[in-house]
Every structure is written in structure tokens, then in C-alpha cells.
Amino acid sequence: MKKYVHIILAISFVATTSSLEAQSDFASQYKIQMEKINKEVKIKLAEMKAFSSISNYNLSLESEITENFTNESKVFCNWPVNGELTSGYGYRKDPFTSRRVFHNGLDLSVSLGTPVYATAKGKVKKTGQNKISGKYIIISHEQEYESIYCHLSKITIKKGECVLNETLIGYSGNTGRSTGPHLHFEIRKNGKSINPFSIIN
Ligand SMILES: [Zn+2]
């Protein structure tokens with residue numbers, strides 16, 4: 001009987017020891033695994049950080065490009081009418097006096113009563129009529145730009161009104177100092193006329 005007890009004790013001792021060893025082995029394996037995971041997480045985090053800084057750089061670059069594009073090309077979106085260019089921007093012989101004078105806009109030949117559209121979003125600065133320009137509209141746009149539309153037969157907007165590009169603002173005519181139905185279209189930047197072809201595609 002004693003012999004059996006010894007054997008059982010011996011077996012349970014071995015079993016306990018091996019179980020403890022297994023536990024400690026498991027613990028060390030667990031520790032190794034956790035260290036490995038931590039290391040991988042750290043690498044992933046570093047990669048994500050690097051990627052996000054690249055993305056941020058790309059995003060800021062992209063917005064910079066978009067901003068520049070907006071600044072220079074996107075203010076004016078469309079032409080006021082689809083007409084034939086009969087007189088360009090620059091020096092020309094005045095049709096009334098035959099003297100060499102500077103033409104500060106474009107003359108676009110269109111039939112009487114053709115719809116005229118705003119060329120960019122903005123606010124109507126002035127509408128009026130005089131002997132030279134006939135019925136005219138001046139619209140203020142962002143970045144100190146202005147667009148001017150002359151010789152109109154009818155004006156359909158009022159001073160202070162906001163417009164978008166392609167908003168109907170009036171109809172072409174032959175009012176003022178004009179040799180025939182056409183639209184005189186002008187763009188000014190800081191009060192100085194510029195060639196509309198340099199800003200509208
Ligand atoms: Zn003109």
C-alpha cells in the first residue's frame with residue numbers, strides 16, 4: 001500500500017511540476033507573442049504616420065494647385081454671348097472718327113435681342129445709359145474684377161443684385177455709339193481693362 005502511495009505522490013509531483021513548467025512556458029510564449037505584436041503595431045503606426053504625412057502633403061499641394069487654378073482661371077466661366085468677333089482688344093481705327101484709338105473691350109456681333117449672360121458670379125455694381133455705351137451693366141467680381149456689357153436693348157437685373165455665371169442680365173441691342181447690333185464686352189482688373197481672351201477660354 002505504501003508503495004502505491006509513493007507512486008501516486010511521485011506521479012502527482014511530476015504532473016504538477018510539468019504543469020507548472022507548461023504554465024511558465026505558456027507565459028513566456030505569451031510574452032514573446034505580445035512583444036512581437038507590440039513591435040508590429042509600432043511599425044504599423046510608424047507607417048501610418050508616414051503615410052498620413054505624405055497624404056497631408058499631397059492634400060495641401062492639391063489644394064494649393066486648385067487655389068491657384070481658381071485664382072487665375074476660374075473667376076470667369078463663360079462668354080456673355082455667342083457672337084462673331086468684329087473688333088478685338090487693342091488699338092484700332094475708330095469707326096466714327098477714323099482716328100487710332102484704344103479699344104478696351106471686344107465687339108461681338110449678335111442679332112438684336114440676343115440674351116446676354118453674366119460671365120462670372122458677382123454683384124451688379126451699376127446699370128445705366130449714356131450716349132457712348134448706350135444701356136450698360138457693370139458687375140463686380142471677386143479679386144477686383146469687373147465685367148461690362150454695353151449697347152444693350154434691355155436690362156433685366158438691378159443694382160445690388162447677385163448673379164452667377166450664365167445668369168441672364170439683359171438683351172443685346174444697338175443703343176449708344178454703335179454702328180450696328182453688337183455687344184461691347186469688357187473686363188477690368190483693379191479698374192484697368194484687360195483682354196478678355198486672356199482670362200476666358
Ligand atoms: Zn466696343
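Two strands count as paired if DSSP finds at least two bridges between them. Keep that in mind as you explore this predicted model.

**Exercise 1. Find which strands pair with E4, and name a bridge partner in each case.**

Step 1: Start with strand E1, residues 84–87. Three bridges join E1 to E4, and the two run antiparallel. Within this pairing, Ser87 stands opposite Asp107 of E4.

Step 2: Now turn to E11. Four bridges link E4 with E11, again in an antiparallel arrangement. Here Ser109 has His182 in E11 as its bridge partner.

**Exercise 2. Describe the largest nonpolar core and one of its residues.**

Step 1: The largest nonpolar core has 22 residues, and Ile137, Tyr149 and Leu183 have the most contacts inside it.

Step 2: Strands E4 (106–109), E7 (134–141), E8 (145–155) and E11 (182–189) are the elements that give two or more residues to this core. E8 gives the most, with four residues.

Step 3: Take a closer look at Tyr149. Beyond its neighbours within four places in sequence, Tyr149 is in contact with Pro80, Val116, Tyr136, Ile137, Ile169, Gly170, Leu183 and Phe185.

**Exercise 3. Decide whether Ser193 is buried, partly exposed or exposed, and locate its surroundings.**

Step 1: Ser193 is found in strand E12, residues 192–194.

Step 2: A buried residue needs 20 or more other C-beta atoms within 10 Å, and an exposed one has 12 or fewer. Ser193 has 16 C-beta neighbours inside 10 Å, so Ser193 counts as partly exposed.

Step 3: Leaving out residues up to four places away in sequence, Ser193 touches Asn104, Gly105, Glu186, Ile187 and Arg188. His103 is 90 residues from Ser193 along the chain, with 9.6 Å between their C-alpha atoms.

Technical notes
Residues numbered from 1 in each chain as written. Predicted model: local features only at pLDDT ≥ 70, side-chain atom pairs only at ≥ 80, totals over all residues. Core = buried A, V, L, I, M, F, W, Y, C linked by C-beta atoms within 7 Å. Contact = placed C-beta atoms within 7 Å.
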